[in-house]
Amino acid sequence: MHQLIHFELRKIWCKRNFVFSVCILLILNVFLLWYTSLPDENTPELSAYKKFQSRISVMTETEKAAYLSDLKENIDGISFVQEISSIQNMNNEMGNDLAKQAMRQHPGVFEKYYDLYKSAKFLIFTDSLEKEKKFIDKLYDEQVKVAAYDTYLKTIQNSKEKFSSISIFENSQKDTFSTRNIKKSAFDYSHLNNNNIRWTPSEMIVSSTESIWTDMLLILLMFLFVGGMITEEKEKGLFYITRSTKYGITQSIFAKLSALLIHNLIFAVLFYCTNYLFFGLSTGWCDVTAGIQSIAAYMESNLSVSILEYIVISVFTKGIVLFVIGTILSAFCVLSNKTILPYLIGCSLCGVSFILYTLIPQASKFSFLKYLNIIGFLKTENLYGAYLNFNLFGYPVSRLHCSWILIALLAVIGITITYISFNKGSSLQSKRTSIAFTIPFKPYSSLIRHESYKILIMNRALIVLVLFSVLIGGQNLSEKYTPSAQELYYQDIMLQLEGKQTDEKTSLILTEQTRYQDAFSQIEKIDEMISNGTIDENVGDTMKSQWYSVTAFYPAFQRVVQQYDLVCKNDGNYIYDTGYLYLFGAMGNDFVLDLLLLSVGFIFAFSNVITTEYRNGSLHLLYATKKGKFKIIMSKMLVCSITASIFAGIPFICRFVSISKVFPMHGFSFLVNTIPYFQELPFHISVGKFVILFLLSQILSVLIITSAVILISMWRKNYIQTIFFSLLIFAVPLILAILGFDFAKLLSVYPIYSWSVNV
């Protein structure tokens, strides 16, 4: 039997196409890990975790807590100094009053941290104050949560004791799901303690074990294995031969299923070891002997296992779940006469599971549908890193137990159906499904059409561009824009003011200004009463709190006043400008990542445009044609340029859609100088024309890249060399820029692509 299993594995694993596919998927997995971990204005670099990990590696738990408390206190003080400095930079009386009041609320803080703020030595782990604060706040919250683990356990037990001590519950509600759930939870956590709890940052473990992309790639790899194991043999009619061999039906099909199990377990280990290695090198290694509850994200787990044991059982579970999916897919492959049908069903099952997991809320009464499906099983952080009981006829039933029962049941069903179908032998051969249809496009009716067909279809440039477009578009559409309370205030008032100046709008601004003046005046009076001894300081602080809630929005109102001054000066229009600032890169995204992905996409899509002609020798024949070499090459350039121009607009359109959902963008007919950020522009055009000009500049930059790739292709006459030199010229500077070397932007077309950022 083991020889048959070895044969089944070897005939798939030794195929060049399969080995190539595995290499591509591994590279894609690492790329997606890197891509999804890229820093932005709210996310620190992975290297920040590595720096922090190296500092706390030899610390005790008490020392970790003290160290993080100091970091938290310092960064809060620095943030306060920055806030005060921003208010003081308004250079007006109200701003100065607001700064003084904030400093009185936090006496001594500004003076204590001002020198440190000016020296910029507070940036220990990241390159900006915003990232540094979010990074330290996140680690501080995690450490505080884990440090309170003993209290968390006592709370669970106290809930049971409190419930038991109240007789009214004993009499009237002892048989409800809630009361039973409290008792069960107390029992499930009763064996735990905080003896092996040693806090460690969660980034490495969470990121390496919770990658949905890795799970999707493993599912794809499982599809490839099942296809080679079942579908290819059916297409070749080999099942007729297999059934007549020495090992016959039973051992043959069970050898295939055993090979499927081994395949999924081995590749689950391979891919997740790659994840673990990537994040270990990027964020630093953690103490895997500590209890799983040492990770703040998994503190609710009721399992008494270490971090290493959690990783092992998580990967093992993923391998088993992939095997279960594989048995179901194998059953459909054996039953179906059509090659494509099993894969459609498999994709549908995964798609429905993803929809259920994504759309059903955790607190819904249908939560069992959220977790008891393929995606729910693969999310092992829910199985082993959290705790949940389903309400089954009034009784709490563990999600973990339900999941494993259903996994085992599906495995038995898949294996049984596969064996019965193979044993019955009613469908031992399949054929590819072909759909006949007429395409109105005639590729050989003109030179442009012919070159379009060769470049986009035969050279598969269209597939490459579509894949990169999905990646870029998804990244821009998934970008989350969360307006602050001050931004919401600014948005509300500016949407009322949009357009030409009117008496009503002037009255609105003056009314708001009067409201702030009154608030500052009231605060000043209360301060005088405190200084005169008329009222107690605590009473005064209570009285001032209602006025502070008013003045808190004064910085946002300053932006309104700035537009008011600009409108009065130029007789222009009010415009809500936040959306445009994000769109043009003045706020948020600086377009480096978009340009990098576009560059790489165009390089891989068009590097083969000329080299193909050299490789097959057909370029030498072009001299003798009616159009000649020059016109044919120019037609290739035209096709590539048009295609690049179309795809260059995708990130812009997706970014516009994503931003406009949160920050409405109106006033396309207004002058762009109406936006305070662009008031110094030497030319006066409408916002709509400025948007078009900006888009055209981005298209121009990708046309430069496309033309250069084709020229390099003509120069080197080799596909690999063209890719190498093109990446060196256009991708490497952008990668260096992402890594923090800003000067590298000047070595690329980035200044053209994002010229609006620094106008």
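Visitor: Where does Asp571 lie?
Guide: Asp571 sits in the loop between helix H26 (554–570) and strand E4 (573–574). Helices (H or I, at least four residues) and strands (E, at least two) are DSSP runs, numbered from the N terminus. This is a predicted model, in which local features need pLDDT of at least 70 and side-chain atom pairs count only at pLDDT 80 or more, while totals for chains, interfaces and linings use all residues. Residues are numbered from 1 along each chain as its sequence is written, and side-chain values use heavy atoms, with hydrogens and water left out.

Visitor: What is the phi of Asp571?
Guide: It is positive, about 55°, although Asp571 is not a glycine. Asp571 is exposed, at a relative accessible area of 58%. Read burial this way: buried is under 20% relative accessible area, exposed over 50%, partly exposed in between (1.4 Å probe, protein chains only).

Visitor: Which loop holds Lys717?
Guide: The loop between H31 and helix H32 (719–738). Lys717 is not a glycine either, and its phi is positive, near 60°. Lys717 counts as partly exposed because its relative accessibility is 45%.

Visitor: Is Gln698 buried or exposed?
Guide: Gln698 has 0% relative accessibility, so it counts as buried. Its place is in helix H31 (residues 687–716).

Visitor: Which residues is Gln698 in contact with, leaving aside neighbours within four places in sequence?
Guide: Contact means heavy atoms within 4.5 Å. By that test the partners of Gln698 are Phe591, Phe652, Arg655 and Tyr753. The side chain of Gln698 also reaches the backbone oxygen of Tyr753 at 3.4 Å. Val749 is 51 residues from Gln698 in sequence, yet the C-alpha to C-alpha distance is 9.4 Å.

Visitor: How many cavities of 30 Å³ or more does a search of the whole structure find?
Guide: Start with the general idea. Rolling a probe the size of a water molecule over the atoms shows where empty space is left. On a 1 Å grid over the protein atoms alone, a cavity is a set of points where a 1.4 Å probe fits but cannot get out, and lining residues have an atom within 4 Å of a point. Grid points are joined across faces, edges and corners, and a volume is the space filled by probe spheres set on the points. The search finds three such cavities.

Visitor: What volume does the largest cavity have?
Guide: About 60 Å³. Helix H22 (461–477), helix H28 (592–606) and helix H30 (628–662) each supply at least two residues of its lining. Among the lining residues are Leu465, Phe468, Leu598, Phe602 and Ile650. By class, the lining has nine nonpolar, two polar and no charged residues. Here Ala, Val, Leu, Ile, Met, Phe, Trp, Tyr, Cys and Pro count as nonpolar, Asp, Glu, Lys and Arg as charged, and the others, Gly among them, as polar.

Visitor: Which helices each supply at least two residues of the lining of the second largest cavity?
Guide: Helix H15 (307–335) and helix H16 (340–359). The second largest cavity holds about 40 Å³ of space. Its lining includes Phe332, Pro342 and Cys350. The classes are eight nonpolar, one polar and no charged.

Visitor: What pLDDT does the protein chain average?
Guide: The average is 82, and 87% of the residues score at least 70. pLDDT is the predictor's confidence in each residue, from 0 to 100. Over residues 432–439 the pLDDT is below 50.

Visitor: How many helices and strands does the protein chain have?
Guide: It has 33 helices and four strands. Of its 759 residues, 48% are buried.

Definitions and conventions. Polar contact = N/O pair within 3.5 Å; in protein donor to acceptor, adjacent residues only side chain to side chain. 1 Å grid on protein atoms, 1.4 Å probe; cavity = no way out; pocket = protein on both sides within 12 Å on 5 of 7 lines; lining within 4 Å.
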